[in-house]
Amino acid sequence: MFSDHPDAYVEFLGSRYRGKSGISRLYQGRFQKYFVAGRNGPVYGFLLDHPMLQDIIDRDTETHAWGRLRALMSAGTHQSIQEEHPRGHAQWWEGGLYENEYIKENGVWKLFRQVPSSSHFFSRYRYFPFWHADFERGWAHTKKNYIPWPTMTYPEDPTGPDEIIEQKMLWPDTRVIPFHYPHPVTGKMVKEDDLRAPHYGQDVSTSEPPLTLALPKDQQDRLDKEKAAVADKVKENGEIADATPA
């Protein structure tokens, strides 16, 4: 499902899980062990229905694509297993949004990001689980930070992320997840201020800054250096061509 490149990562709940080992730690070490006791399949009485809706897929080359997908999850445990399952007796809603990039690798589409004019590839898989609600009381009464943010990284936390990032959001925060594509009518990217969510009647400048789909700093720094090297090479070749007698 994920690229084998060491720069692959998953961004989830204010943190990043890097490379195949980090991604496995999240899905197999955290989710699989906790929800289904390590099984590669279901367990009796536990529901985690996770449909993907309103998908928008943009393929910009034969081997590279973007995807924006909305999730509406219904989850919980049947009362008959409340004594054996670590969640006890629980049921909840979750709404979230994915902004991902994909690369066709060895004939198979995988979660991946290819950087144009570069020899490096970066996986980018981001899930923003922006609201939760108990069935009994609904989303109007959901407590803030319904799912606690990670506070420790791996290996201090055996199933923790590789890094904790500043970008965090959960309901009642209603900032818009940035779009990877321009507005289909205007042809322009949505303005950053329009992605923010000030309190009712307040100026947008008083609100939290907009969310971002930016690469991790180390990957962006590497990309900037590569672009600068390419630009220098083009300039050098251009100067040589200009100096060549007709």
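1. A charge is taken to sit over a ring if NZ of Lys or CZ of Arg is within 6 Å of the ring centre and within 35 degrees of the ring normal. Arginine 87 lies over the face of tryptophan 92 in this way, at 4.3 Å from the ring centre. The charged end of arginine 25 sits over the ring of tyrosine 154, 3.8 Å from its centre.

2. The model is predicted: local features need pLDDT of at least 70, side-chain atom pairs count only at pLDDT 80 or more, and totals for chains, interfaces and linings use all residues. Residues are numbered from 1 along each chain as its sequence is written, and side-chain values use heavy atoms, with hydrogens and water left out.

3. The protein chain has an average pLDDT (the predictor's confidence in each residue, from 0 to 100) of 86, and 91% of the residues score at least 70. Confidence is highest in helix H2 (residues 192-195), at a mean of 97, and lowest in strand E8 (residues 113-114), at 34. Over residues 113-123 the pLDDT is below 50, yet this stretch has 34 contacts (heavy atoms within 4.5 Å) in the model beyond near neighbours in sequence. Helices (H or I, at least four residues) and strands (E, at least two) are DSSP runs, numbered from the N terminus.

4. The UniProt record, in an unreviewed entry, places the feature "domain: SnoaL-like" at residues 5-111; such annotations may be inferred rather than shown by experiment. This span is 17% helix and 50% strand, and its end C-alpha atoms lie 11 Å apart.

5. Helix H1 has a kink of about 30 degrees centred on arginine 25, the bend being the angle between axes fitted to the seven residues ending there and the seven starting there. Arg25 is among the buried residues of H1 (buried is under 20% relative accessible area, exposed over 50%, partly exposed in between; 1.4 Å probe, protein chains only). The buried residues of H1 pack against strands E1 (9-12), E2 (15-18) and E3 (46-49). Just after H1, alanine 37 takes a positive phi of about 55 degrees.

6. The structure holds 11 aromatic pairs (rings of Phe, Tyr and Trp, its six-membered ring, with centres within 6.5 Å; planes under 30 degrees apart are stacked, over 60 edge-to-face, the rest tilted). Phenylalanine 31 and phenylalanine 35 are stacked, at 6.1 Å centre to centre and 10 degrees between the planes. These two residues are separated by about one helical turn because they are four residues apart in H1 (residues 19-36).
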